[in-house]
Amino acid sequence: MEQPGLGLEPSRGGQQSPAHELIPQTPNLSRLRDAAAGCRACDLYKTGTQTVFGAGAEHASVMFVGEQPGDREDIEGKPFVGPAGRLLDEALEEAGIDRTRVYITNAVKHFKWKPQGKRRLHQKPNAAEISACRPWLDSEIALVKPRILVLLGATAAQALLGRDFRVSLQRGQFIERPGLPLMMATVHPSSILRAPDDESREIEMQAFVQDLKRLAQRVKGS
Ligand code: SF4
């Protein structure tokens, strides 16, 4: 089934995801969120507590796309509310970007994890899961119509820019692709949290803030 009126190129990767069938005929963000809550298009609904849909300003100029919800997000049902979300908040503030004026989502909407003792250890989503979830992301992009998409980390960047894309080589650059808003890829905030010591964490954080400042300038200038 075509996504009515969404005006985006179909996601790459061959077979159409069963999630396409769930996209409402006349979608808006609230209807999409409700429809995504019942998604069973891949097996991650079995391990995640709930679908964690995007949140933020309905017609934001900037949309951030992360990888998938983490442990805290899975429990609260909101994106970027755990430790990585707090770091993102800090970086946004330093860059002069108001979080309430952006839209934040993930490439995959259920938490993928494996048990390690009492903890739930994050697992990277695979290509099939990213592709199964793509209709939700495409629909969010089509409805919010951001001027700029910020891709946080390799999963989000490769989902939209292809598997050969390397964040380490092209972070902070503005990239144009047909059928999509202007894009910029940078690191995922969780990679900064994983830095081995305080000094390297600070260096990583400042590089992240610089990327966000470049973004803020571009938004002001466009
Ligand atoms: S991860 Fe995405 S595609 Fe898979 S069940 Fe959840 S919402 Fe559906």
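Phe-80 is buried in this predicted model, since 27 other C-beta atoms lie within 10 Å and the threshold for a buried residue is 20 or more. The residue sits in the loop between α2 (71-76) and α3, and its phi is near 50°, a positive value in a residue other than glycine. Most residues other than glycine have a negative phi. Lys-145, in the loop between α4 and β6 (148-152), also has a positive phi, near 55°, but Lys-145 is partly exposed, with 13 other C-beta atoms within 10 Å.

| Residue | Phi | Other C-beta atoms within 10 Å |
|---|---|---|
| Phe-80 | near 50° | 27 C-beta atoms |
| Lys-145 | near 55° | 13 C-beta atoms |

Helix α3 (residues 83-95) meets helix α8 (residues 198-221), their axes coming within 8 Å and crossing at roughly 55°, and the two helices are therefore oblique to each other. The crossing of α3 and α8 is right-handed. On the α3 side the contact is made by Ala-91, Leu-92, Glu-94 and Ala-95, which face Met-205, Phe-208, Val-209, Leu-212, Lys-213 and Ala-216 of α8; by class, this contact has 8 nonpolar and 2 charged residues, with no polar ones.

The largest nonpolar core holds 52 residues, of which Met-63, Val-65, Cys-133, Val-150 and Leu-151 touch the most other members. Helix α4 (residues 127-144) gives the most to this core, with 7 residues. Leaving aside residues up to four places away in sequence, Val-65 touches Thr-105, Asn-106, Ala-107, Leu-137, Leu-149, Val-150, Leu-151, Leu-152 and Ala-156.

Methods
Residues are numbered from 1 along each chain as its sequence is written. This is a predicted model: local features need pLDDT of at least 70, side-chain atom pairs count only at pLDDT 80 or more; totals for chains, interfaces and linings use all residues. Axes are lines fitted to C-alpha atoms, for helices over the stretch in contact, and angles run from 0 to 180 degrees between N-to-C directions. Helices (H or I, at least four residues) and strands (E, at least two) are DSSP runs, numbered from the N terminus. Angles under 35 degrees count as roughly parallel, over 145 as roughly antiparallel, 65 to 115 as roughly perpendicular and the rest as oblique. A crossing is left-handed if the near helix is turned anticlockwise from the far one by less than a right angle, and right-handed if clockwise. Two residues are in contact if their C-beta atoms, placed from the backbone, lie within 7 Å. Ala, Val, Leu, Ile, Met, Phe, Trp, Tyr, Cys and Pro count as nonpolar, Asp, Glu, Lys and Arg as charged, and the others, Gly among them, as polar. A nonpolar core is a set of buried Ala, Val, Leu, Ile, Met, Phe, Trp, Tyr and Cys residues joined through C-beta atoms within 7 Å. A residue is buried if 20 or more other C-beta atoms lie within 10 Å of its own, exposed if 12 or fewer, and partly exposed in between; C-beta atoms are placed from the backbone.
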